[in-house]
Amino acid sequence: GTAGAVVGARLSENPNFKVLVLEAGTDAPNTPAWNVPVYAPQPAFGPEGPGLWRYQSEPQVGLNNRTVAFPRGKVVGGTSMINFMCYTRGSFEEYDRIANITGDQRWSWDNILSFSKKVRT
Ligand SMILES: *[C@@H]1O[C@H](CO)[C@@H](O)[C@H](O)[C@H]1NC(C)=O
Ligand SMILES: *[C@@H]1O[C@H](CO)[C@@H](O)[C@H](O)[C@H]1NC(C)=O
């Protein structure tokens, strides 16, 4: 998906590397409905369609042990192709918690924010 493309592009900046990016799944169909990436109504993403990795969470104790669907895009473009090309940035607490857990303050909100802003188009 898009993250793999970014990593591939960055790696290819080093002239010592040749980079091949592979993507599982199929091309998105070239139909008008695909002009806007849409997750739910597309046949490719229906119950029998090829366009999804159908992950399920582990049972969630806080949800009476229900599992939660966690679909990922099995299509060129990856999950970005099925999530309306939207993303949300995590909260500052999430990044600071990652920094604390890893002991690496480069993951802190204050350090991540400038990189996160680079994503905007
Ligand atoms: C959820 O699963 C845990 C671990 O198996 C169990 O102890 C708990 O009773 C379960 N809760 C419900 C609401 O079924
Ligand atoms: C991270 O660690 C700092 C320093 O101990 C603490 O003040 C802060 O509350 C922690 N943040 C999170 C989200 O765990």
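**Reading a predicted model, feature by feature**

Mentor: Before we take up single features, keep in mind that this is a predicted model; of the 121 residues in the protein, 21% are buried.

Trainee: Which order do the helices and strands follow when the protein is read along the sequence?

Mentor: One starts with the count, which is three helices and two strands, and then reads them along the sequence, where the pattern is α-β-β-α-α.

Trainee: Why is Phe17 classed as partly exposed?

Mentor: The class rests on relative accessible area, with buried meaning under 20% and exposed meaning over 50%; Phe17 has a value of 45%, so it is partly exposed.

Trainee: Where is Gly25 found, and which residues does it touch beyond those up to four places away in sequence?

Mentor: Gly25 is found in the loop between H1 and E1, and because its relative accessibility is 40%, it counts as partly exposed. Leaving aside residues up to four places away in sequence, Gly25 touches Lys74 and Val75. For the protein as a whole, residues 24 or more positions apart account for 34% of the contacts with a separation of 6 or more.

Trainee: What is the phi of Asn64, and what is the phi of Asn65?

Mentor: Phi of Asn64 is near 55°, a positive value in a residue other than glycine, and Asn65, which is not a glycine either, has a positive phi of about 65°. Asn64 is placed in the loop between E1 and strand E2 (69-73), and Asn65 is found in the loop between E1 and E2. Asn64 is exposed, with a relative accessible area of 70%, whereas Asn65, at 48%, is partly exposed.

Trainee: Which residues surround ligand 2?

Mentor: Ligand 2 is surrounded by Glu93, Arg97 and Asn100, and a polar side-chain atom of Asn100 lies 2.3 Å from an oxygen atom of the ligand. On its own, ligand 2 has 360 Å² of accessible area, of which the protein covers 34%.

How values were computed
Residues are numbered from 1 along each chain as its sequence is written. Chains are lettered from A and ligands numbered from 1 in the order in which they are written. This is a predicted model: local features need pLDDT of at least 70, side-chain atom pairs count only at pLDDT 80 or more; totals for chains, interfaces and linings use all residues. Side-chain values use heavy atoms; hydrogens and water are left out. Helices (H or I, at least four residues) and strands (E, at least two) are DSSP runs, numbered from the N terminus. Buried means under 20% relative accessible area, exposed over 50%, partly exposed in between (1.4 Å probe, protein chains only). Contact means heavy atoms within 4.5 Å. A residue is near a molecule or strand if one of its heavy atoms lies within 4 Å of it. A polar contact is a pair of N or O atoms within 3.5 Å; within protein, one must be able to donate a hydrogen and the other to accept it, and residues adjacent in sequence count only if both atoms are side-chain atoms. Accessible areas come from the Shrake-Rupley method with a 1.4 Å probe; for residues, only the protein chains shown count as cover.
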